[in-house]
Amino acid sequence: MLANPPKNRQPSIRSRLLIAAAVWLLAITLSAGYLVPSFIKTYLIEQEKSQLYLYMDQITAQVDIDKHGQLFVDGRLSNPRFNFPYSGLYWSLKLDKQVLRSRSLWDTTIKGNVKKGFEGPNNQSLIVVKRKFSLPDSDHPIELSVAVNQDKLLKTLQQLTHGLWVILTIMAIGILALTTLQVSWSLWPLRKLRKNLIEVREGHSTELTGLYPVEIQPVIDDLNALLFHYQELLLRARNHSGNLSHALKTPIAALNNEVSLLDPATQAKLVPALQQLQQHIDYHLGRARMAGAMNILAAKTALSHRIDAISLAMDKVYAHREVVLVNELDSDVVIAVEKSDLDEMIGNLIENSYKWANSLIRVYQEPIVNGHIVLVIEDDGPGIAREKCKQVLKRGVRLDENTPGTGLGLNIVNELVHSYRGDLVLTHSSLGGLKAMLYLPIPRN
């Protein structure tokens, strides 16, 4: 598995801001859509009740009891609607079993209660206020009810609510659109920064350019300083490798000359060591020079093509072993690894397979894991015991001292792949030999 697998992708800042704005707008719109009509309804009902209390005062002042103990209302009320049947404005008086009602009620009564609501003629929904009072000539309280039809009020409120929802919806959409424009405009410097970073990564620029807001500019300055320091380190490493190469060339040449003057037996002991020393120096100096490449951030290499090239070279070197390498990779597979680094990694692994395979080497790709291609190189050789798979990745470790080598190959591959935030995993192959899995990064879009 990867040493540092990338974290799951999180929502963008733009998405976070827009989602937060949409949630708040939805909450405000729903609250306003339900609370405002409720407040208006309460206000209108209170206004109607205030008017009904005025009528109640007027009726109370005009109620009397005749000599036979019968209720009556002395005089006409101020609102003529009390005299028109089913007009929507009603009153009712009750004393014991006596019931006196307005002409507008005709032959009906006010039905219902506070919990279930009140109902009048023709199933009209009513707003009702009640009062109990006593007269000097009566031993029992008189119950007075005054009511008004609220159907028109509710219909008006329904139309008002519909209009309010239309206004709130249009307003919410408009605010969300303006918020989207505001967020896009506010995040524009970050999009510009991303574009500049892509140019740096692809080798088109060596620093971040342009003017940025005061909140971002310090970050830009620090990134530019870091890029400059990184380039300086690369240039310094390249210069040091050149200087070291020249410094070592003369002493090694002198040693070779001196060894050539010795007897053959002594030469046989010293020449291989000098050759190995020369190889190690050439390799590490080459790695240092390669690290100085200015386009290392924009590295892209066709994987299948490099496998074919290395296989062709190995077929010549190990022709006597008659090993066949089967390349099952697609030709369009590209990875974000510098070509020389890739050759070093897969070259070591393929060469090991050529050394140990009986007849077959397979190279193929497994599904992408966390932005990394899983390159598999396996053979049908003797393989490596599972408990020793990690041990052979250490520097200088060799399981077979009789086979030519330095014990550095797998360690170099392991260090190289980790420098690209990838991983090297060794395990048992279904072919019977060693299965090497290289986790290599793919280029970002």
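Which residues line the largest cavity? Leu 349, Asn 352, Ser 353, Ile 377, Asp 379, Leu 410, Leu 434 and Ala 436 do. Please keep in mind as you read on that this is a predicted model.

## The chain as a whole

Let's start with an overview. The secondary structure of the chain comes to seven helices and 15 strands. The chain has 445 residues, and buried residues make up 34% of them. If you take the contacts between residues at least 6 apart in sequence, 60% of these join residues at least 24 apart.

## The cavity

Back to the opening question. The structure holds one cavity of 30 Å³ or more, and about 50 Å³ of space lies in the largest cavity.

Which elements each supply at least two residues of the lining? They are α6, β13 and β15 (434-441). The largest share, three residues, comes from α6. By type, the lining divides into five nonpolar residues, two polar and one charged.

Helix α5 covers residues 303-317, which makes 15 residues. From its first C-alpha to its last it reaches 21 Å, close to the 21 Å expected at 1.5 Å a residue. The buried residues of α5 are Leu 303, Ser 304, Arg 306, Ile 307, Ile 310, Ser 311 and Met 314. Seen down the axis of α5, these buried residues fall within an arc of 155°, so they line one face of the helix. The general rule behind such a pattern is that an α-helix has 3.6 residues a turn, so residues three or four places apart point the same way.

What do the buried residues of α5 pack against? Their partners are the strands β9 (301-302), β10 (324-327), β11 (334-335), β12 (360-369) and β13 (372-379), together with helix α6 (339-356). On the other side of α5, His 305, Leu 312 and Lys 316 are exposed.

## Leu 360 in strand β12

Leu 360 belongs to strand β12, and β12 is among the elements that the buried residues of α5 pack against. With a relative accessible area of 26%, Leu 360 is partly exposed. The C-alpha atoms of Leu 360 and Leu 325 are separated by 6.0 Å, although these residues are 35 residues apart along the chain.

Which residues is Leu 360 in contact with, leaving aside its neighbours within four places in sequence? The list is Val 323, Val 324, Val 326, Glu 378, Asp 379, Asp 380 and Leu 431.

## Asn 224 in helix α3

Is Asn 224 buried or exposed? Asn 224 has 16% relative accessibility, so it counts as buried, the cut-off being under 20%. This residue lies in helix α3, which runs over residues 217-260. Not counting residues up to four places away in sequence, Asn 224 touches Glu 207 and Leu 208.

## Two loop residues with positive phi

Two loop positions are worth a look at the backbone. Tyr 86 lies in the loop between β2 (71-73) and β3 (89-95). Its phi is near 55°, a positive value in a residue other than glycine. Tyr 86 counts as partly exposed, at 32% relative accessibility.

Asn 122 sits in the loop between β6 (117-119) and β7 (125-133). Asn 122 is not a glycine, yet it has a positive phi of about 55°. Its relative accessible area is 59%, and Asn 122 is exposed.

Definitions and conventions:
Residues are numbered from 1 along each chain as its sequence is written. This is a predicted model: local features need pLDDT of at least 70, side-chain atom pairs count only at pLDDT 80 or more; totals for chains, interfaces and linings use all residues. Side-chain values use heavy atoms; hydrogens and water are left out. Helices (H or I, at least four residues) and strands (E, at least two) are DSSP runs, numbered from the N terminus. The expected span of a helix is 1.5 Å times one less than its number of residues. Buried means under 20% relative accessible area, exposed over 50%, partly exposed in between (1.4 Å probe, protein chains only). The arc is that of the directions from the helix axis to the C-beta atoms. Contact means heavy atoms within 4.5 Å. On a 1 Å grid over the protein atoms alone, a cavity is a set of points where a 1.4 Å probe fits but cannot get out, and a pocket is an open set with protein on both sides within 12 Å along at least five of seven lines; lining residues have an atom within 4 Å of a point. Grid points are joined across faces, edges and corners, and a volume is the space filled by probe spheres set on the points. Ala, Val, Leu, Ile, Met, Phe, Trp, Tyr, Cys and Pro count as nonpolar, Asp, Glu, Lys and Arg as charged, and the others, Gly among them, as polar.
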